[in-house]
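Visitor: I have a model open and would like to learn how to read its features. Could you walk me through a sheet and a chain contact?

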Amino acid sequence: MLKLTCPYCGVTGEETEFHAGGEAHLKRFGPGSGDEDFTNYLFSRKNPRGVHFERWRHQYGCGKWFHAARDTGTLEVFGTYTAQTGEPPADIVAKIKAKRPEWEGFA
Amino acid sequence: MKRLPTGGRLIDRTTTFDMIFNSRRITAHPGDTVAAALMANGERMVGRSFKYHRPRGIVASGAEEPNALMNMGEGEWLEPNQRSTVTPVVKGQSFESQNHWPSLEFDVGVINAKLSRFFPAGFYYKTFMRPRWAWKHLFEPVIRQSAGLGKAPDQPDPDSYEQFYAYTDVLIVGGGIAGLHAALEAGRAGAKVLLLEQNPNLGGRALVDVVDIDGKPSPDWIAATIAALEDMPNVTIRTATMAAGVFDHGYVTAQEQVATYTQGSDAPRHRLWRIRATRIITATGAIERPLTFAGNDIPGVMLAAAVRDYAELYATAPGERTIIVTNNDDAYRTALTLHSAGIAVPVVLDARPEATGTLPEQARAAGIRIETNAAIAKVHGKRKVTSVDICDHTGAGDVRETIPCDSVAMSGGWSPVVHLWSHCGGKLNWDEANAMFAPDPKRPPTGDDGEGFVIPAGSATGDLHATQALANAAEAGRQAAIEAGFTPSVGAAPLATAPTEYPMLPVWMMPINAPYKLRSKAFLDFQNDVKASDVALAAREGFTSVEHTKRYTTLGMATDQGKLSNINGLAILAESLNTPIPQVGTTTFRPPYTPISLAAIAGDARGPLFKPTRKTAMDAWHDANGADWEPVADWRRPYTYVRDGETKRDAVHREILNTRNHVGMLDASTLGKILVKGPDAGKFLDLIYTNMMSSLAVGKCRYGLMCSENGFLFDDGVVARLSEDSFLCHTTSGGSDRVHAWMEEWLQTEWWDLQVYTANLTEQYAQIAVVGPDARNVLESMGGMNVSREALPFMTFAEGELAGIPARAYRISFSGELSYEIAVPASRGQEFWDAALAAGAAHSIMPYGTEALHVMRAEKGFIMIGDETDGTVTPLDLNLGWAVSKKKEDFIGKRALEREFFHRTDRKQLVGLMPENPDDVLPDGAHAVEPGTNIYGQKNMIGHVTSTYYSPTLKHGIAMALIKGGAQRLGETLSFPLEGGKVIKAKIVDPVFYDKEGARQNV
Ligand SMILES: [Zn+2]
């Protein structure tokens, strides 16, 4: 059972206090988009063993959605940050690069 | 053997009491385990094995025991599979051995053993495949009669169970000398320390295998250390508490046998600890391995260390003539212990070419005969050991000598307990010298900070010798304290001095070249009857992965989870495959370490606390007035209000007809009510709903649909525009939390530029529907706001007062009748309900429940989320295309609904159905079939019934269904074959069965 810290209210809670929301930073493809883009948006996920960015909601806390940068293999949490961004913040990217030099970066 | 004349460190020899074993009286001392008491009363056979029903005796002295499992207690207190080696005796408690029928001594299942040639590895898969009928009629009934470990209790559990949350800097698992000293180190550094020990007593092996620690015998050092720990306010010690599993980020579960519990007391029986620890020290010790020789399962063959545990701790022994068989020096401790207790040790059989270590020399000096390069070819005896055939270990079992004895103490070396280390990903190394898997300190399980959070200590590291074990425990305690942010003291760790031990010799099959005849009597897994020959057979048949071999042979799958059998089994597999052991690897270690009770996992979450029920403001009134409850999402709602002499069906029909002819009242409070407010509220709702909401005028209501991004309908409801910048969105009763979360997700993660906030007001309002031709009269007689047709037309709302209560009245209808839904503050819901009942008395008002609601909506062809939708249905499939905007640039699901597939005319589409016979009511989910078969050769199913009722209004069965190409099939008659051969024929009709023009609601 993971431990996560909500970046909004600062509370560190048990995984059961949160609700997992899948991959973060999905780009929405709406009306007018091509079949392939739309299919990938709906169904294709990275699901890596290693560095991953996820959406979580502080379901039984402040109710806010946020993002977590996490290693799905080692379960290390590099940081949590606001959901209101299209890509992970620079300080978290730098922290991951320092700890995982082989990481290819956020794409 | 009864009690030894002296000794018994854990028992009170001055007191005795009785307990019951298989209806026989057994005398015990306080402090005994059940197994110790059985041994002291001469009980040798304690159960039978699972497959062959062979007689089985006690093997071990701890949690690794595979055989001595008991049904404990009777009636409501019955609990199966209690490991008697760790269960303390309780005065008068009854125990029953398991897995035999009709009795332990005479068991018909033994026939399985006679047929053992026909029960090879994988026999379930081989034997029970053909013929198919035989499984149900022959194999299963026989297996059920003769197999099964323990009896399942058939009465509710009268005990209580609780859960306990704990947060600690350092958690130490294991209260032997390593755990105790690690606790001392971490405690002195100031860390908050929790130490758990699975046994009722602390001290571990050093209570029996006494070593010198800083000049004191280990039992004295243990007592002094416990006293020092008890003086430290930051250290907590819990005995009889077994750490069951280590999980992500330092989460640990443990089960405590609560010391103050007795049958019928208020104390909880088990307490489940849910622990978060910054660092975990696993001082879990090591488990002795059996040796694999023919007859090693006969009662009286035990682990060598267990034999001396029983002698030292409980003053009892399995026999009076005990042969020791070993591949290491440690087992000589058993020889010395028994010898000094006056028990004959005819010989020590040592598989090694020579035995010249300190302990063997001590045994020699005591006059004990020692044979080297010696092995057991075979143990003789059925229900107890009678003699042993001795052979060369390096040979094929040619008998050198037969020696009479009544018990055998075996030692195949030791395996560190690595379960907790491994649960969350700690990796193991193969230690060639000691032939064991031990934790690799460089590859621990990692926590949220990326650092290792489990530190092994003591013999659990693989350092079996007391000197190293104590030294590494000191290191572990200090390391854990530092990593948890504390500064440990410096200074020398205590020094343990113990006899040096010479290397062990790995022995996997005894003798090395044992032929099949011996291998097929040499057991690896005592509980599941897996023999050395079974593993070899599995390897020959291609089961080369250890995980596959485990499942094929059931090796290690018994309740002891392979604590004794795993290493021996995989070594034999490696030998059969001609592969080094580390390449074969181990099976996965999974929690729990030993079984924990399901009741402890449930804790207080039983009965009404399992899932709290949401209740509306009028719940108590409903309950007092005949409500027949129905669960609706987390709520309970009246299905109908049954009156004296009525069936439920009568009541539902009465409620419907009264509402259609006069006036009814419905508690609609469970409907979701979400306020959406802000300058961009309209824009936001245009994205959330398929239809246009921004164009809704203030004071008006509009029915709306919500789709997933995949185009499937998932919620619906009426939206009211309260003001320029605020909307109240009604959702389904089950959908309010989901829809609110859905809106928040889009607002927070996709359209965070929109200035909108949402609030779930569902429980702030009581909502009461007043429905029927007399509805307006009732409200008018309550006095207050103008509810006339002109002031409050259909699909509008108004705010004001009714009967002096602030109210918002919506002119919306889910029944097709003249209908008002009145929202009042929840705190005044009952007051409004009473007032409406009083005002309606003159119009014969009566409440109606959810079933009347459903029938009336079906009569009108209104869909119900969850009936007509199942996550694969689009608005277009339900003839709701009119509510899907073509003008809007975007809404959730718009792109998906553009997909070609959703516009095919042969999709399943909503239709109405009228059975040919008016009294027929189609079953829910009934399938319509057409002649012919589909591509799989099955009946040609073209759709199914989604809602079905008897309509008292129409005096006719009605149904809604999703039928392939239904939109073009109006007037066709479909066949619905039912169980038992009956076929209902029904005609496809417009799903609006009643008042198609909507004249009744628009008055
Ligand atoms: Zn929060």
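Guide: Strands (E, at least two residues) and helices (H or I, at least four) are DSSP runs, numbered from the N terminus, and two strands pair if DSSP finds at least two bridges between them. This is a predicted model, where local features need pLDDT of at least 70 and side-chain atom pairs count only at pLDDT 80 or more, while totals for chains, interfaces and linings use all residues. Residues are numbered from 1 along each chain as its sequence is written, with chains lettered from A and ligands numbered from 1 in the order in which they are written.

Visitor: What is the order of the five strands in the open sheet of chain B?

Guide: In general, strands of a sheet pair through backbone hydrogen bonds, either parallel or antiparallel. Here the order is β17-β24-β18-β19-β20 in chain B, with parallel pairing. β17 (301-303) and β20 (370-371) of chain B each have a single partner strand, so one side of each lacks a neighbour in the sheet.

Visitor: How many bridges join β19 and β20 of chain B?

Guide: Two bridges, in the parallel sense, link β19(B), residues 348-350, to β20(B). Across from B:Val348 you will find B:Ile370 of β20(B).

Visitor: How many residues does each chain bring to the contact between chains A and B?

Guide: Residues are in contact if their C-beta atoms, placed from the backbone, lie within 7 Å. Chain B gives 21 residues and chain A gives 22. On the side of chain B that touches chain A, α21(B) supplies the largest share, four residues.

Terms used
Contact = placed C-beta atoms within 7 Å.
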